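Me: I would like to learn how to read the surroundings of a ligand and the contact between domains. Can we start with the ligand?

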Amino acid sequence: MTEQMKKAMTERHTVRKFDGTPLSDSEKIILKSRVDELNNKFSLSIALIESEKTPVSLLGKTLMGGTGVYSYFVLAADNREKVDEMLGYAGSDLCLYAQMNGLNTWWMAGTFSRKYVEGFVSGKKIVSIIAVGHGKTQGVPHKSKRMDQVSSYAGEAPEWFKNGVEAALLAPTAINQQAFTITGEGNKVCLTYKSGPMSGIDKGIVKHHFELGAGRENFEWV
Ligand SMILES: Cc1cc2nc3c(=O)[nH]c(=O)nc-3n(C[C@H](O)[C@H](O)[C@H](O)COP(=O)(O)O)c2cc1C
């Protein structure tokens, strides 16, 4: 599974145009069971929704060119400390899991109709939705910072650290900011993210990618 998730990291790119076909029964079953696992593990209230009306806002349609979005994850939970980061981490897992199963995704923290989506998860904090479905294309790799611009290691960096940073650079971040810094010393790793409205979510996504790339057994977060 981890190897497939790692492959999915290199293949996943944002896709904003979907063909509008509904998820198949088997796709729904596997995605729902992954959602259930994550909800249980992290006490979240993520929902997989299929609706007749698209959740994409006017801005998302006109400016970002979003079309054919009728299935999506709503990243929701009871509001508490670090919940944005937890939802980012779980959302990243869902994107890679979807990719692994031949589906495409689009993170939307801004360009969705919040009022409409709120109806599906009442009383919960919603940080973003993620469109999931059959993309019209596979998307393109994002423009990326270099490893030395986002990371440093005390002494010679071990392979696992370099692999982790490489994986972190593949992570989707809001407006492709990649505003993170990863520092390492021995087996201790520290991740910081420049403060902003999406920094909690982005931090969770980057953390998830770093763990997959580096191997959780090789280091400890500090
Ligand atoms: C937390 C988060 C929020 C995002 N919000 C939006 C959004 O509201 N609208 C949009 O079109 N793209 C949104 N994106 C997609 C990013 O622009 C995209 O992930 C980034 O440019 C990197 O490209 P990639 O996903 O192809 O690697 C968001 C991404 C993340 C991680």
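Reply: Strand S3 (104-108) and helix H8 (199-214) each supply at least two residues of the shell around the ligand. Helices (H or I, at least four residues) and strands (E, at least two) are DSSP runs, numbered from the N terminus. This is a predicted model: local features need pLDDT of at least 70, side-chain atom pairs count only at pLDDT 80 or more, and totals for chains, interfaces and linings use all residues. Residues are numbered from 1 along each chain as its sequence is written.

Me: Which element gives the most to the shell around the ligand?

Reply: H8 does, with three residues.

Me: How many residues surround the ligand, and which are the closest?

Reply: A residue is near a molecule if its C-beta atom, placed from the backbone, lies within 6 Å of it. Here 20 residues surround the ligand, with Thr-14, Trp-107, Gly-110, Pro-172 and Asn-176 the closest.

Me: How does the shell divide by class?

Reply: Ala, Val, Leu, Ile, Met, Phe, Trp, Tyr, Cys and Pro count as nonpolar; Asp, Glu, Lys and Arg as charged; the others, Gly among them, as polar. The shell has ten nonpolar, nine polar and one charged.

Me: Which domains does the shell draw on?

Reply: Domain bounds come from an automatic or database domain assignment. Domain 1 (2-133) and domain 2 (147-221) each give at least three residues to the shell. The C-alpha centres of these two domains lie 23 Å apart.

Me: How many residues does each domain put into the contact?

Reply: Residues are in contact if their C-beta atoms, placed from the backbone, lie within 7 Å. Domain 1 gives 19 residues and domain 2 gives 16.

Technical notes
Contact = placed C-beta atoms within 7 Å.
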